[in-house]
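My notes follow the model below.

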Amino acid sequence: MTGQKGWTRQWRDPEPKSHYDVVIIGGGLHGLATAYYLAKNHGIRNIAVLEKGWIGGGNAGRNTTIVRSNYAQPGNREFYEDSLKLWENLSHDLNYNVMFSQRSHITLLHNPGAVDAVSRNYNVMRRTGNSDAEIWGLDQLKAAVPHLNYGPNARFPIMGAAVHKRAGTARHDAVVWGYARGADQMGVDIIQNCEVTGISREGSKVTAIETSRGKITAGKVGLAVAGSTSRLWTMAGLGCLPIESHKLQAFVSEPLKPLLDQVVVFGMGGAHFYISQSDKGGMVFGGDLDWYKSYAQKGNLPIVQDVAEAAMSVLPCLGRVRLLRHWSGVVDMSMDGTHFISKTPVDNLYLNAGWNYGGFKATPASGTYFADLIANDRPHRVIANHDLKRFERGLQIDERGAGPDPKLHG
Amino acid sequence: MSASRLTKGGRIDRSRKVTFSWDGKTFEGFAGDTLASALMASGEQVLGRSFKYHRPRGIMSAGVEESGAIVTLGKGDRVEPNAKATMQELFDGLSASGQNAWPNVRCDVGAVLGLFGRFFSAGFYYKTFMGLPPFEWGRGTGIWMQYEKLIRKAAGMGEASREADPDSYDHVHAFCDMLVVGSGPAGLNAALTAAQQGKDVILVEQDFELGGDLLNQSDPAVETQRAELIDALQSAGVRIMTRTTTFGLYDYGTAGLLERVTDHVTAPSQDAPRQRFWTVRAGATVLATGALERTIAFTNNDRPGVMTAAAARTYLNRYGVLPGQNIVLCTNNDSAYVSASELAAAGAKVTVVDLRTDVGADQLGAMQTAGVAVKTGLVPLKALGGKTVSGVQLAREAGTGWAAAETLSCDLLLVSGGWSPVVNLLSHRGAKPAWDADLACFLPASCSENVVMAGSATGHWQAADCAASGIAAAKVAMGEDAQTPTLGGWDTPIKPVYEVRLPGSKTKSFVDPQHDVTCDDVRLAHQEGFVSVEHLKRYTTLGMATDQGKMGNVIGLALMAEAMGKDIPAVGTTRFRPPYTPIAIGALAGRNVGTHFKVMRRTPLHDWNLRHGATMTDAGLWHRPWYFARKGETINDAYIREATTVRETLGICDVSSLGKIAVQGPDASEFLNRVYTNAFAKLAVGKARYGIMLRDDGMVMDDGTTWRLSENDFLMTTTTTGAGRVMVFLEELLQTRWPDLKVHICSVSDQWAGVSIAGPQTRDVIAACMEDPDTVSADNLPFMGVKKIRLKGGIDGLIARISFSGELAYEIYVPSDYGEPMMDLLWSETEPRGGCLYGLEALGALRIEKGHVTGAELDGRVTIDDAGLGKMASTKKSFIGSTLRQRPELLREDRPQLVGIFPKDRSQTFNGGALLCKHGDNIGFGEGWVTACTHSPALGHWIGLGYIAGGHEAWQGKSVTATDPVRQGDVEVEIVSPHMFDPKGERMHG
Amino acid sequence: MIRIPCPFCGTRDHSEFSYGGDGSIQYPALDAPVQDWHDAVFQRENICGVQTETWQHVNGCRMWLLVDRDTMTHEIHDVRPAHPGMAKVLGVTS
């Protein structure tokens with residue numbers, strides 16, 4: 001424990017250079033992680049990350065910090081499991097404690113049909129690297145999570161749970177700073193307060209990026225701007241995207257002594273709810289989208305109420321616990337609930353977008369594979385189907401089977 | 001601090017003693033006290049322990065910004081952690097205790113040990129506790145998670161109940177022309193102005209009394225004025241809500257309010273909710289939310305006995321408590337002088353220490369008259385004393401810094417570092433406050449919505465100006481012009497000071513005392529590059545405690561500005577998020593908890609089913625019969641008996657929850673023809689047809705039968721869970737895409753009670769129930785025939801000869817209110833024949849035997865071909881989804897297709913959710929999966945449905961394993977046609 | 001709470017309504033080529049600012065509405081029935 005001594009700026013505050021080999025637009029988690037892996041895995045050092053405000057000011061700091069890999073559709077499965085493996089050593093890799101706590105992710109189950117449906121997914125997990133996927137009966141669940149509503153007045157009585165033991169939570173801001181520091185140490189210029197105002201193209205090539213801090217030219221450009229994807233896409237002279245931006249709220253309670261040791265997820269009767277307790281003691285929770293498209297980082301009351309109802313349904317002891325703060329972020333919902341790490345119609349422009357609810361947990365894999373795509377100009381096998389053209393081929397990576405309605409992929 | 005209750009004065013009622021307990025001991029206060037004032041009057045000084053360092057904390061304020069006296073209220077299942085003692089009204093029987101301390105807040109072992117505290121400067125976590133990466137065993141998260149356990153125990157504040165909250169909460173909705181938040185001089189006048197112009201006004205006050213700062217005055221004339229204003233408001237019809245916090249402003253003038261109904265009542269009525277959550281939609285909003293006094297950062301500025309100057313005045317004038325005998329009051333502005341003279345008048349020795357050297361002669365004269373000593377050019381450097389304050393070391397300006405000066409003894413150290421207008425609610429609307437250097441505070445920015453601020457919340461420091469600004473704000477909110485008084489109102493300008501320390505010294509001076517964020521933490525954040533406001537907040541946790549930065553944000557910004565060599569506006573301000581003060585999650589949920597959490601949908605036959613032994617299960621929001629167990633039967637016994645009875649005799653099943661949509665109009669058949677994949681244009685009157693609907697993307701959306709009742713009148717049925725979605729989609733099609741079609745649709749799901757009756761003896765039973773038994777003869781009602789019928793007793797209804805079970809079967813619908821008589825009638829003929837009632841489990845068994853798909857198979861990811869129903873996709877017409885289903889991935893021959901599954905060893909069972917894979921293949925996604933399984937009474941062994949790549953023909957004679965590692969393990973299976981029983985359908989055509 | 005002035009029912013909370021999607025999309029004929037359908041079903045302009053979108057008053061009159069709404073501020077500029085015949089009857093054609 002070397003403590004606090006000898007720490008100076010965790011990343012530099014450089015003036016932008018006029019040219020970079022790679023410019024990543026967006027200083028959120030995915031942009032920073034991409035820069036980090038471009039430098040670390042591909043030896044590219046002349047990189048800039050351009051951030052309109054302050055790094056990590058978007059969804060990086062607005063999520064409920066859950067990390068899990070219990071996706072079962074081909075494409076998602078390998079991707080999120082790779083991500084989880086990277087999470088497991090991320091603190092050591094970055095030499096920065098991102099406080100990844102593998103405290104288990106517990107999905108409550110309420111009827112035999114749900115048990116079967118989840119078992120299918122967890123069986124897939126078991127056979128693709130997750131020995132930590134389990135189905136629990138009621139007794140095992142009660143012993144592990146004693147304060148859930150097991151009583152006779154539960155609207156949807158709990159039957160058991162699907163448990164993903166290596167999943168958990170991490171400290172979101174630390175991940176931002178850890179990647180920023182790591183990238184910076186390898187020479188990446190992290191340029192804050194640098195808003196992209198224009199993307200100049202000549203034919204199928206980006207020639208320059210106009211910014212509030214001057215014109216920058218780049219060999220390759222990566223977009224990782226959740227919540228602003230369509231705006232930047234338009235700026236690059238491109239048309240539509242299979243994305244609709246929605247608003248997702250998140251909630252934290254006053255700090256409490258330890259009450260809940262796992263991540264608990266509930267989905268039944270049209271409700272959706274997830275909760276965990278931060279190391280500081282706040283109950284961190286969330287639920288559905290606000291159900292209408294929005295770029296506003298402010299939520300409305302109906303969902304606040306819905307989420308509180310679900311909270312009380314799952315943990316009735318929260319009645320006198322007080323909500324401390326609620327906020328919202330803009331999530332780019334895609335047409336099948338799965339993201340894009342894709343080449344684009346422009347040769348040296350690459351897209352990382354459409355993360356739905358999944359952006360935080362995806363960070364290390366997103367950075368790794370996006371860096372790989374940018375460096376090699378061809379998608380890695382794992383992200384072969386994470387391209388923008390998949391719907392033309394008839395491929396929808398739809399974990400929920402909800403169909404091409406972005407708001408249904410929460 | 002040696003506080004004492006005065007014998008007279010204040011707003012408390014000395015004739016009404018109130019008994020309460022604190023940390024198990026009994027105390028007395030008076031009606032009108034808060035928990036804080038009563039404890040102060042009783043001489044209690046240490047009421048809390050800080051978050052990280054476990055430092056002793058006392059009362060620091062008299063309001064919502066309290067950061068010291070954070071306590072736990074109540075006991076058992078009514079325990080309420082993290083309550084601010086300054087906001088809790090005293091009542092008989094109130095029980096409160098200290099928290100975050102052991103054994104108690106006065107003597108906390110945690111403080112002695114320091115626990116992790118000494119490490120807990122900002123950002124410390126991120127730099128350590130990771131383990132020892134050079135060694136393999138140190139990798140991963142194991143070592144961190146050990147540390148985490150200890151950290152979690154040390155962190156947190158109060159302890160929440162583990163029991164369900166026994167109280168109830170209400171939701172209330174309201175509308176008004178104008179919502180006025182805050183009832184100080186500005187709020188009262190704003191409300192009155194609007195009400196006198198005939199506006200419907202709601203006035204909201206978080207306190208239990210109206211008046212805001214008027215309650216803290218000693219001048220009796222102020223009280224008279226207050227009473228008159230309230231009278232006027234009442235006669236003008238203003239809806240007044242006290243004990244109510246406006247916690248958030250949302251879109252379109254919507255405000256969230258929390259009303260505390262019984263939190264101050266000893267024995268609340270059983271009928272009263274504890275709190276009410278109000279959603280108010282206001283045409284205009286006036287925010288007269290006041291201002292909060294700031295402290296100054298200096299060493300040990302968190303000692304019990306250090307509080308804001310205005311708080312002392314509140315305790316004195318409102319609660320009749322003299323908070324100290326020997327008081328030093330440090331200020332940099334005029335506001336504290338009135339406190340000083342009133343405290344002196346009440347008998348305390350008071351010394352004012354003012355940073356300013358240009359204090360006005362009037363002010364100084366008044367102090368002399370009041371017997372208050374004034375020292376100028378000085379600031380507090382360090383609070384002296386151990387658990388409570390015993391003196392203060394002062395400092396004077398020296399160059400650009402400070403130099404130590406004299407020491408004064410005191411038992412109460414009051415601080416006024418200036419005032420911060422409460423701009424939080426406006427900030428919820430996205431309006432960024434702007435720094436005013438003259439007043440040394442953030443002032444509200446204008447807002448594009450009809451939200452107007454008034455009073456000290458806009459930087460008016462004098463009551464008369466606040467009143468005038470309230471009137472002006474109301475006028476502006478009503479669209480009139482109005483003149484606002486000039487801002488400020490102090491004779492001598494404030495001289496901003498945020499932190500006092502000697503050069504190079506490292507001390508604990510607190511910016512955000514509740515989260516133990518020190519000035520050094522802010523500087524460390526700067527040193528490490530966390531210079532933006534949001535980074536500062538996240539790195540140090542400044543402003544994230546339960547007061548949400550009300551106390552410390554401005555000081556934090558000032559320190560960062562200093563470290564950066566910039567001024568405060570260049571650093572920025574954090575955006576305040578709702579709620580303004582923390583609110584109970586129970587209140588937000590209201591009555592929608594327990595069994596009322598989500599609407600429970602019951603069929604018209606619900607009670608009848610229960611009376612006849614049904615065990616119910618959830619199907620979406622519906623409760624449907626699962627099985628009808630007889631004495632001693634398990635669920636398996638019951639459903640196997642039920643399914644067997646259906647195949648041998650007959651059974652009745654409640655299908656009322658199926659979606660039913662009336663489709664009517666001259667273009668109805670054309671509409672259906674576009675919606676369904678198969679042909680509907682030529683469906684004959686009196687006939688039903690099974691249809692599949694796709695989504696736009698070509699995937700199966702829903703299925704069901706549609707009955708042609710007459711030329712232009714169809715009845716469509718949908719699945720139970722798909723009903724809502726199908727209805728919405730059909731409405732969208734008719735209203736947005738095909739407005740030219742003359743079709744009207746209407747959901748009639750709730751209008752009909754429906755049963756499916758299946759089994760070889762069905763026709764006899766139904767015939768016996770008909771007024772005209774011939775109606776259902778094989779000739780009159782052939783397979784897929786539909787008829788209007790009249791049951792005995794004159795019950796009119798509809799019948800269709802359709803089968804989901806593969807047996808001779810009918811669906812009968814009668815108006816919902818006739819559901820029970822219909823059941824009585826049918827059952828009277830069924831029971832004597834040995835027929836049964838059957839539930840979803842038997843329904844499942846029967847349909848799996850037949851290979852009929854339901855939700856488990858139609859999971860939103862399958863095509864009509866995958867489901868084995870490709871023949872139903874017309875090639876002669878276009879329909880919804882007909883184009884996109886032709887995309888290449890959807891036409892691949894190796895897509896998983898619907899199959900039947902038998903266990904190789906017929907005595908074995910297997911599970912839905914098992915994966916189908918080649919024998920011996922232990923990794924990967926496998927070749928398919930099992931969607932459903934059942935014991936088949938007809939075949940005498942377990943069977944299943946599922947999907948496997950290429951369909952059953954590709955797997956004939958090949959060995960396949962159903963693997964279910966999360967539950968059961970491996971079972972060897974055979975892949976067969978999904979039509980496992982009576983594949984030619986001879987039984988249902990009989 | 002967004003307050004939507006339903007042309008049939010009056011102004012109501014948005015929680016009575018259900019957001020549909022981009023109202024500017026012209027769905028092609030059922031037999032149109034795959035690319036046309038692909039674009040209509042999957043591709044979105046995703047405007048930040050005023051867009052025309054569909055909402056259904058699902059817990060009210062169940063009418064589908066065209067709403068011009070700013071997706072950043074949530075301000076509503078215009079609401080009219082999606083069904084052109086209905087709009088004509090109400091005299092609110094756009």
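Which residues does Tyr96(A) touch, not counting residues up to four places away in sequence? I looked up contacts (heavy atoms within 4.5 Å). In chain A, Tyr96(A) touches Trp7(A), Gln10(A), Ser91(A), Ala174(A), Trp177(A), Gly178(A) and Arg181(A). In chain B, Tyr96(A) touches Tyr126(B), Met130(B), Phe530(B) and Tyr539(B).

I noted that this is a predicted model, where local features need pLDDT of at least 70, side-chain atom pairs count only at pLDDT 80 or more, and totals for chains, interfaces and linings use all residues. Residues are numbered from 1 along each chain as its sequence is written, chains are lettered from A in the order in which they are written, and side-chain values use heavy atoms, with hydrogens and water left out.

Next I checked the cores. I took a nonpolar core as a set of buried Ala, Val, Leu, Ile, Met, Phe, Trp, Tyr and Cys residues joined through side-chain atoms within 4.5 Å; buried means under 20% relative accessible area (1.4 Å probe, protein chains only). The largest has 94 residues, and Tyr96(A) and Trp177(A) are among those with the most contacts inside it. Another core lies apart from it, with 60 residues, including Ile199(A) and Met701(B).

Then I turned to chains B and C. I found 27 residues of chain B in contact with 26 of chain C. The buried area (accessible area, 1.4 Å probe, lost on being put together, summed over both parts) is about 2,300 Å². Tyr252(B), Gln735(B) and Thr883(B) supply 29% of what chain B buries there.

Conventions. Buried means under 20% relative accessible area, exposed over 50%, partly exposed in between (1.4 Å probe, protein chains only). Buried area is the accessible area (1.4 Å probe) that two parts lose on being put together, summed over both.
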